[in-house]
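Dear colleague,

I am passing on the structure we spoke about, with a summary of what was found in it below. Please read the text with the model open beside you.

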Amino acid sequence: MKYSSYDEIEGIRRQLKEVGYQNWIQSDLFTWQWWLLLIAAIFPWITWGYLIKRENRLQVFAFAMLMGIISCVLDIIGTAMLWWEYPTKLIFTTPPLFPADLTVIPVMFSLAYYYGKTWTRYILYIIIVSFLFSYVIEPLFIWIDIYEQNKLPHWLSFFGFTLVSLVVRWILERMLLMRK
């Protein structure tokens with residue numbers, strides 16, 4: 001069996017980038033789904049700015065960014081492994097679903113973090129938000145052709161959202177304790 005060389009793989013990646021770009025220009029850019037993704041990339045942060053008190057913004061923003069970084073990494077892994085994909089994109093490059101990874105997910109979970117002062121209340125809020133993402137938003141995005149599931153069931157998505165948000169809060173609290 002002959003394995004592909006690095007140069008051959010790079011050539012295929014260049015072709016894929018060009019085909020992906022052309023598809024984005026012809027099929028995604030300025031469609032109603034594209035406009036929805038653009039609004040989803042901007043509006044949640046505006047809302048976040050109104051809902052989070054100024055004195056708490058740095059800590060809540062740190063939580064949001066940890067969620068965003070982890071979301072981006074997991075999204076890149078998931079799309080590379082073909083577990084899910086995005087037929088419609090805001091930007092044709094990675095991260096594949098920029099509005100969700102760096103806006104909707106961090107904002108929603110950081111609001112749960114902000115309003116869930118105790119662990120009990122926080123767990124309740126993240127279960128609600130995880131449920132909404134896994135069983136409402138994902139199916140809606142499938143229906144409007146923004147998201148496509150290949151191998152990831154909704155219950156696993158729910159478990160992932162819940163676990164990641166628990167770990168992020170735990171890490172942030174440890175970091176804040178070390179800071180004091």
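**Salt bridges**

R169 and E173 form a salt bridge in which the closest N and O atoms lie 2.8 Å apart, and, since this is a predicted model, that distance, like every other value here, is computed from the predicted coordinates. The two residues are four apart in helix 6, which means that about one helical turn separates R169 from E173. R169 counts as buried, because its relative accessible area is 4% and the cut-off for burial is under 20%.

The structure holds three salt bridges, and another of them joins R13 to E10, with the closest N and O atoms 2.7 Å apart. Both R13 and E10 belong to helix 1, where they are three residues apart, or about one turn of the helix. The two partners fall into separate accessibility classes, in that R13 is exposed with a relative accessible area of 51%, whereas E10 is buried with a relative accessible area of 14%. There is also a salt bridge between E8 and K2, whose closest N and O atoms are 3.4 Å apart; here E8 is partly exposed at 37% relative accessibility, while K2 is exposed at 69%.

**Helix 1**

Helix 1 covers residues 6–28, and its 23 residues reach 31 Å from the first C-alpha to the last, which is close to the 33 Å expected at 1.5 Å a residue. The buried residues of this helix are E10, W24 and D28, and what covers them includes helix 2. G20 also has its place in helix 1, but G20 is partly exposed, with a relative accessible area of 31%. The C-alpha atom of G20 is separated by 8.6 Å from that of T93, although the two residues are 73 residues apart along the chain. After helix 1 comes F30, which has a positive phi, near 70°.

**The largest nonpolar core**

In soluble globular proteins, nonpolar side chains tend to be buried together. The largest nonpolar core of this model has 36 residues, of which F63, M67, L97, I105, F109 and F133 touch the most other members. The elements that contribute two or more residues to this core are helix 2 (32–51), helix 3 (57–80), helix 4 (98–115), helix 5 (119–143) and helix 6 (154–179), and helix 4 gives the most, with nine residues. For F109, if residues up to four places away in sequence are not counted, the contacts are F63, M67, I126, V129, S130, F133, F161 and S165.

**T103 in helix 4**

Which backbone oxygen does the side chain of T103 reach? T103 is found in helix 4, and its side chain reaches the backbone oxygen of A41 at 3.1 Å. T103 counts as buried, because its relative accessibility is 1%.

With best regards

Note on methods
Residues numbered from 1 in each chain as written. Predicted model: local features only at pLDDT ≥ 70, side-chain atom pairs only at ≥ 80, totals over all residues. Heavy atoms only, no water. Core = buried A, V, L, I, M, F, W, Y, C linked by side-chain atoms within 4.5 Å. Buried < 20%, exposed > 50% of the residue type's maximum accessible area, 1.4 Å probe, protein only. Contact = heavy atoms within 4.5 Å. Expected span 1.5 Å × (residues − 1). Polar contact = N/O pair within 3.5 Å; in protein donor to acceptor, adjacent residues only side chain to side chain. Salt bridge = Lys/Arg side-chain N within 4 Å of Asp/Glu carboxyl O.
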